Amino acid sequence: MALKQADEAFFDEDYARAQELYEVAAKLEPEREEALLRLAQTHIKLRNWVAAVATANDAIRVAPANPSAYMRKGVAAFNLDEFETALAAFLKAQQLRPDDANPSLKTWIRKCQAELDADSSASTTAPAPAAPAPAPAPMAEALGECSASESAPAPVQAAAAAVAAAPVPVQAVAAAAAAPAPAPAPTAPKVRHEWYQTPTHVIVEVFARGVKDQDLRVVFGERTLAVTLQLGEGREYALDFDLCGAVVPAESAWTIFAVKVEIRMKKQQPGPWAGLQASAIKSFKPGHPGTKKDWDKIARVEVADEKPEGDAALQSVFQQIFANGTPEQQRAMVKSFTESGGTVLSTNWAEVSKGDVKGSPPPGQVMHKWGDS
């Protein structure tokens, strides 16, 4: 019962309530495994990354052969910048389900490898300390001593003899050799962005630590988003997006967290977007040291390599239909999908606009609205 109530709260996007109910369900033996998996996913939705890793570890102890537990651990660890831990978790999930057609698993693996490669190339090794310089030879020896039988002038011979008799400044040489090597230049901060969507909102996350409000500028337009982040010392990170769909600027906002900036935009029309932007320009000022990875490109390469199957293939078809449809067809798709509880998807606005769209459950099943007993 607790698991069912938690599921209802989760689907209503009441994640705080869902967390409470999943924690109760996780204490019940018949529901423990599934409740832990869903609790970990709820922590991910709430951006409670540490709690998500801990809950995923609990799920792994209960069901060590469940790849979903490793997937959740990997996602949470990645957002904590624990890329080695995340990569190990994703590889374990892949090992447990080698025939999984889900392309996101390989995308996560590529993201981890890209981050680890970037860390490896950005790390600088301190120069080895210089070998102590040999003690300087006496001036007369360095220039070539003049013996009494040589025809050097007497004043030169006297000066050379005096220099040869002088003690060598060993302490000064040792102090110079022991001087510490100059410290390597500090590593520039890494900045990257990702995005995801719900039926009603589009969320862009810019991962950067210690952002101050005065260093951030966000400008919303109905179909544009501009983000500028000052990194100090003349460096700047900027995003300039032509959005795939229309948003409501007055109901859009951003929040600064310890390790990221979350930008939340309200969609004008509920429903799925085929992508984040129609076109995007990611710019850097000369000398900007930020990350050079194009996360969208990584995702596109993965999609090109993988041919979706099953539900993934069906979802891809729906996205293409929505992206290529007329405004009336898009309205019809959103209205039919929402009112039917996800069981009907129509592009015929003339028919859909006549009234509420009734659900069409699979044979042998009965539809219930949330809250029905």
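**A helical trio and its surroundings in a predicted model**

S340 sits in the loop that runs between α13 (327-339) and α14 (349-352). With a relative accessible area of 1%, S340 falls under the 20% cut-off and is therefore buried.

The protein chain contains 14 helices and eight strands. It has 373 residues, of which 33% count as buried. When contacts between residues at least 6 apart in sequence are considered, 53% of them join residues at least 24 apart. The average pLDDT of the protein chain is 75, and 66% of the residues score at least 70. Two stretches deserve a word of care. Over residues 280-292 the pLDDT stays under 50, and the model has 30 contacts beyond four places in sequence for this stretch. Residues 298-306 likewise have a pLDDT below 50, with 11 contacts in the model beyond near neighbours in sequence. Where pLDDT is low, the predicted coordinates should not be read in detail.

Helix α3 covers residues 32-45 and helix α4 covers residues 49-62; the two pack at an angle of about 160 degrees, with their axes 8 Å apart. An angle over 145 degrees counts as roughly antiparallel, so α3 is roughly antiparallel to α4. The crossing of α3 and α4 is left-handed. On the α3 side, the contact is made by R32, E33, L36, L37, L39, A40, H43 and I44, and on the α4 side by W49, A51, A52, T55, A56, D58, A59 and V62. Sorted by class, the contact of α3 with α4 holds 11 nonpolar, two polar and three charged residues.

Helix α5 (residues 67-79) joins the picture from here. The axes of α4 and α5 are 8 Å apart, and the two helices pack at an angle of about 155 degrees. This angle also lies over 145 degrees, and α4 and α5 are therefore roughly antiparallel to each other. Their crossing is left-handed. In this contact, W49, A52, V53, A56, N57, A59 and I60 of α4 meet A69, Y70, R72, K73, A76, A77 and N79 of α5. The class count for α4 with α5 is 10 nonpolar, two polar and two charged residues.

How, then, are α3 and α5 arranged, roughly parallel or roughly antiparallel? The axes of α3 and α5 come within 10 Å and cross at roughly 20 degrees. Because angles under 35 degrees count as roughly parallel, α3 is roughly parallel to α5. The crossing of α3 and α5 is left-handed. Here L37, A40, Q41 and I44 in α3 meet S68, A69, R72 and V75 in α5. By class, this contact of α3 with α5 has five nonpolar, two polar and one charged residues.

Is Q19 buried or exposed? Its relative accessibility is 19%, and the cut-off for buried is under 20%, so Q19 counts as buried. Leaving aside residues up to four places away in sequence, Q19 touches L39, T42, H43, L46 and N48. Among these partners, L39 and H43 also belong to the α3 side of the contact with α4.

E13 is found in the loop between α1 (2-11) and α2. Although E13 is not a glycine, it has a positive phi of about 65 degrees. The relative accessibility of E13 is 32%, so E13 counts as partly exposed. D81 has its place in the loop between α5 and α6 (83-96). For D81, too, phi is positive, at about 65 degrees, and D81 is not a glycine. With a relative accessible area of 33%, D81 is partly exposed.

How values were computed
Residues are numbered from 1 along each chain as its sequence is written. This is a predicted model: local features need pLDDT of at least 70, side-chain atom pairs count only at pLDDT 80 or more; totals for chains, interfaces and linings use all residues. Side-chain values use heavy atoms; hydrogens and water are left out. Axes are lines fitted to C-alpha atoms, for helices over the stretch in contact, and angles run from 0 to 180 degrees between N-to-C directions. Helices (H or I, at least four residues) and strands (E, at least two) are DSSP runs, numbered from the N terminus. Angles under 35 degrees count as roughly parallel, over 145 as roughly antiparallel, 65 to 115 as roughly perpendicular and the rest as oblique. A crossing is left-handed if the near helix is turned anticlockwise from the far one by less than a right angle, and right-handed if clockwise. Contact means heavy atoms within 4.5 Å. Ala, Val, Leu, Ile, Met, Phe, Trp, Tyr, Cys and Pro count as nonpolar, Asp, Glu, Lys and Arg as charged, and the others, Gly among them, as polar. pLDDT is the predictor's confidence in each residue, from 0 to 100. Buried means under 20% relative accessible area, exposed over 50%, partly exposed in between (1.4 Å probe, protein chains only).
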